[in-house]
Structure formats: structure tokens, C-alpha cells
Amino acid sequence: MALLQISEPGQSAAPHQHKLAVGIDLGTTNSLVATVRSGLSSILVDEDGHNLLPSVVRYMPDGGIEVGYSAQAAQSQDPTNTVVSAKRFMGRGLKDIDVSQQPYHFIETKSASGEMLQIETRAGIKSPVEISAEILKTLKARAEKSLGGELVGAVITVPAYFDDAQRQATKDAARLAGLNVLRLLNEPTAAAVAYGLDNASEGIYVIYDLGGGTFDISILKLAKGVFEVLATNGDSALGGDDFDRRIFCWALDQRLAEQSKCTPLNAQDTRLLLTKAREAKEWLTDHASAQITSVLSTGELLNVTLSTKQFNELTQTLVTKTLAPTKKALRDAGLTIEDIKGVVMVGGATRMPQIRLSVADFFKQTPLTNLDPDKVVALGAAIQANTLAGNKGDNELLLLDVIPLSLGLETMGGLVEKIIPRNSTLPITRAQEFTTFKDGQTAMSIHVLQGERELVTDCRSLARFELRGIPPMVAGSARIRVTFTVDADGLLSVSAREVASNVEANIVVKPSYGLSEEQILNMLQSGFGAAESDKQARALAEAKVDAESLLAAIEIALEKDSDLLNAQEIQAIRGKMDALRANIHAGASHAIHEATEALNLATEEFAARRMDASVSHALAGKNLDEVNF
Ligand code: AMP
């Protein structure tokens, strides 16, 4: 008889076996994969020794698929079948992007979950999820080849401002690539982990991320092993590429100064000169001057020298431009520079000395730069993956993220009841009980919302579903328990259950299209700015709901028991009801409260008589002993 080896639940049969787990930085321009080996996080390279994998996917004429450098090289000759920056389209609809700036044939498909953007290629219609899956497949294959085994899972990083749809799309891409997602991790959080800040003393850290085309600033608060995103801001059209363009324009100016007449550059020469400009920029990081030499297609020789001093002057406004979102993020978080314990530099463009100097000057401290700014996010993700795969000691703290925007549902009067407040640590489950508004109500519409504002119209609608089959009861006596669960990846599921009958309905929220970073910031900022007016709007809506339910109850009572009142009394009550209706119409919460009070007072006697009548009805023809009070 063979012996089967079994293990305790949650414990591995071979506790000392190292599980292969990776961290993946799925970037807009480049992607990386990293792992922890012998306690050290390192990037896994391809067979040519490249760290980076350009996030470019080409659908080839022969039916094959190319990913990375070869696809990137074919971009200009085969633009419609070579997809770059698929990350920008993840979880988005057509109205979220500027189609005119893109070479692709976009189409939008409608599904149960809403509109989804897709791209028509020679290999058929491809979704951003499928395209990203090709990048992930390539990284998975690279990792399995260099680690010599199958991966147990991966931590994949996403921008902190990614919403549910964008996170879900990232998870779907990973699943399609055959990867087990251990967790999605916010990019700034990953960078902080790479620097070991999760083991550092508690405090507030800034992650300054300047890539090729985007700038992101995140303020994280570390407390009890949990990173909370206090604020994010940025500029989705500012990055190292803008520095290249400044050099490019400067070189053209020099050419104009040297020659009396210049022919305009064609597309090929423009591309060539932009590449030279980029090389010059990168050279200037470690050198005092850079030579830009280019033979144009006309045979003209362009030969100019750019000094560091000139470069700094040319790009001074770009450097300053990053400080505006930085100041805004600090202001949103209610912080000053003195509150910042450390600044982490992420993104290739933070190698530029003028950026480092400007950040040091602004924050009055030297930023953390000793890790490669291109690799730092992947390195942090690998550390997290290693922990989640169980390769670390039991007492290792797990790093947690928080949700960026509050989640709630619609209640009467168009108000939002927040169930999970923003910045709650994930994963989280919160439940709250609600009741019916009308007598005999057998269904309830559940409207799930996201945002910081008090009114439904100011928040973002995520989903709607209905709970049906509630047993008919008097208004206010049904108990409907609504549970919100956000998993460790920030994905939301909502369930509603009527407690007495156990009827239940639920939904997993996969919103049809996402929010842009700007929209999220706007939602947060309008929430901060509108607190007072929101409070008033809530007070008014609540006063109206109370008043209307009182009016409805009195109408029913008058219909049933008007014989308990004389004509004069009925007229008095009707007068107060009309006054209350007029005040509801006028829309001043204070006046509605007063009119509601007045109506309550005017109907006190009527309520007492109804009570007496129902008691004497219950007692009619019975012994006192039989009556159950
Ligand atoms: P990322 O999107 O993080 O990969 O950053 C890419 C940007 O970093 C591009 O604009 C690069 O030109 C820029 N970059 C890479 N290396 C350097 C360097 N040594 N000095 C200045 N910029 C660099």
C-alpha cells in the first residue's frame, strides 16, 4: 500500500521548497519581470541579456505574433498591426481615448458589461486584454526558462489610479496568459517596497515617477505595515519624450541659424533626429556636453553640440512643470514638505541630474536613487510575490493596499450611503442593513456607486441590480443586508439578502469602462471642495424623504379612519399637509423640518384615537386573559 503524504491546511507538504513567483511591471512603454533569489530581488533578462521588454505586440503577415524589440522595430512600417501602449486602452471605451492620436482601426463592442474598445488587426479583432496577455505570456516564458520551472504565481503592478475596470482587465490579461495572479499591486507601493520602506519606520513617503510619456506623483502613508495612498496626481502628457523634443527643436533652430534656407524635415529625418535627441539627453546625464550628428536624407550634415548648461535652460520649464501636480498632491493630502519622510525616484527620466536636483531642492532632502529607476517597480513586485508565495517566514507582515474612492449605494432621495470609505485597507468586507420604503414592497433596486460626494448625481454609477422576492411587509420592517466585499486586488462584489426570507441577489462589479486619472482626481477634489454644499444637499434630501413618508402614512390613515375626525379637524390636518407639500416644493430643509413638526403635532390626537380604536377593536368580545399585549 502506498502512503500518501498529506499536509495541514495552509501548510505546504515540503515547507522548505522555494516556490517560483515573479513580480511583473506591466508598463505602457516597457515591461519587466523580476524574482527573488537567495533573498535578493533581481530582474530576469531575455536570451540577449535585455532587462526590458518593449510593451509592443505585432500581428505578423504569416499569422505569427511578435512581442518586444522586433515588434517595436516594425512599428513605423506596419503601424496598424503593431500595437504600442495597449495599457492605455485597458478597461476603456472609445469615449475615454483620443482616437485621432492613434494609428489603429478601433471598434467598440457592446457586451452585457458595457462598451469595450477593440482593435482591428490582420489577425482579427483584438482586445487590449488579449494584446496585454501576449506581453505577459512572453514574460512568463522568460521567467520559466530562466528559473527552470513552472511559476506558482505573479504579482502584477498597476497605477494607483486604475479603477475596477482597468484592474479587472489586467487580471483577465494575466489569466489569459496562464498566470496565477497572487495580487495586483499599486506601482508606487511596489517602488516603496523595493526600497524596503515597508520595513522602515512609519511615515509619509512620496513616489516621484517620471517615465517616457507620463508623470505620476503618489503620496503614501506607511502605518502598521500598511501603505495608504493619501493622494495621487500627475500629468499624462509629460515625460522624458518632452525633453527629447526640446533638444530636437533646439537642433532645428541651430540649423536655421547656420543656413539661410532650410528645407522642412520629412518624417524619416524627424524620427532620426528625435532618436539623436534622446541619445544626447541620456548622454548628458553623465557628461558635460553632447554632440548631435546626423546626415539627413537630403545629404545635409547636421552637427551641433549641446552643453549641460544649455540643456538645463532648454528644459527648465519642463522640470518646473512636474512640481505643480506635486504641490497639488501635497495640498490634497493636507501635508507640507516637512511631513515627507522620504522621496523615491521611479522612471527612466528621473536619471536626469536637473530632475534630481529640483526634487531635492523642493523636498529639502536627497531623494532615493540607488536602485535603477526603470526596475524599481518590478523589483518591489517580486518581493511582494515572494512573500505571498509563502517563501518567507510566518511572521512576515503582508503588505496591503487601500481603495482609492469610497463605495456605497443609493438610498431614498438620491443620496449615497457610503459602505466602504475610501482608503480602507484591502481586502475588506462591510455590511449594512437597509429597509423598504413602501408597504408591501417586494423588490428593491440596488445601485452601487463610487465617489466622495453625497448625491448620486455627483458620484459614478458602477452597477445596478435588483433583489426580488422580498415578502410583502409594512414599510420599514423588511431587513435587507447589503454586503460589499473588495478583494485584495481592489475588485468589488456586492450582495443583498433579505434576512427573514433569505432571498438573495448579488453582482460582481466589472464596470464597462474606466475612469481616467484626471476623472478620479476630479472626483476626489470635488469631494473635498464640496463638503459643505453636500451636507446641505443631504440635509434637504433627507428632510424631503422624511416629509414624504409622513405625508404618505397620513394619507393612508385618513383614507381608513377619517370617521375618527370631524370635518374641522380633517381640514386642519389637510391644511398642514398642504403647507408641508408647499415647503417640499420650495426646497428649504429647515422649513420642511418645521412643517413636518407642525404636521406631526396636528396629527397627534388623530394618532392617539387610532390607537385607542385598534385596541378596543382587538379587545372586543374577549376576556382580558385572552389578550396578548
Ligand atoms: P521609462 O518609461 O520609465 O522606461 O522611462 C523612459 C524615459 O527615460 C525615456 O524618456 C528615456 O529617454 C529616459 N531615460 C532613460 N535613460 C536615461 C538617462 N540615462 N538619462 C536621462 N533619461 C533617460
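Mentor: Let's go through a helix, a sheet, one lysine and the ligand.
Mentor: This is a predicted model, where local features need pLDDT of at least 70, side-chain atom pairs count only at pLDDT 80 or more, and totals for chains, interfaces and linings use all residues. Residues are numbered from 1 along each chain as its sequence is written, and side-chain values use heavy atoms, with hydrogens and water left out.
Trainee: OK, which residues of helix H9 are buried?
Mentor: In H9, residues 353-363, the buried ones are Gln354, Ile355, Ser358, Val359, Phe362 and Phe363. They sit on the same side of H9, because they span an arc of only 150° around the axis. Buried means under 20% relative accessible area, exposed over 50%, partly exposed in between (1.4 Å probe, protein chains only). Helices (H or I, at least four residues) and strands (E, at least two) are DSSP runs, numbered from the N terminus. The arc is taken from the directions from the helix axis to the C-beta atoms.
Trainee: And which residues are exposed on the other side of H9?
Mentor: Leu357 and Asp361.
Trainee: What covers the buried residues of H9?
Mentor: The cover includes strands S13 and S18 along with helices H5, H7 and H8. Contact here means heavy atoms within 4.5 Å.
Trainee: Switching to the open sheet, what's the strand order?
Mentor: S20-S19-S22-S23, 4 strands with antiparallel pairing. S20 and S23 are at the edges with a single partner strand each, so one side of each has no neighbour in the sheet. Two strands pair if DSSP finds at least two bridges between them.
Trainee: How many bridges between S19 and S22?
Mentor: They pair over 3 bridges, and Gly408 stands opposite Leu449 in S22.
Trainee: Where does Lys418 lie?
Mentor: Lys418 is in strand S20. Its relative accessibility is 29%, so Lys418 counts as partly exposed. The C-alpha atoms of Lys418 and Gly408 are separated by 4.0 Å, though the two are 10 residues apart along the chain.
Trainee: What lies 3.0 Å from a polar atom of the Lys418 side chain?
Mentor: The backbone oxygen of Glu452. A polar contact is a pair of N or O atoms within 3.5 Å; within protein, one must be able to donate a hydrogen and the other to accept it, and residues adjacent in sequence count only if both atoms are side-chain atoms.
Trainee: Last one: what polar side-chain atoms lie by the ligand?
Mentor: One of Arg351 lies 2.9 Å from a ligand nitrogen atom, and one of Asp374 lies 3.2 Å from a ligand oxygen atom.
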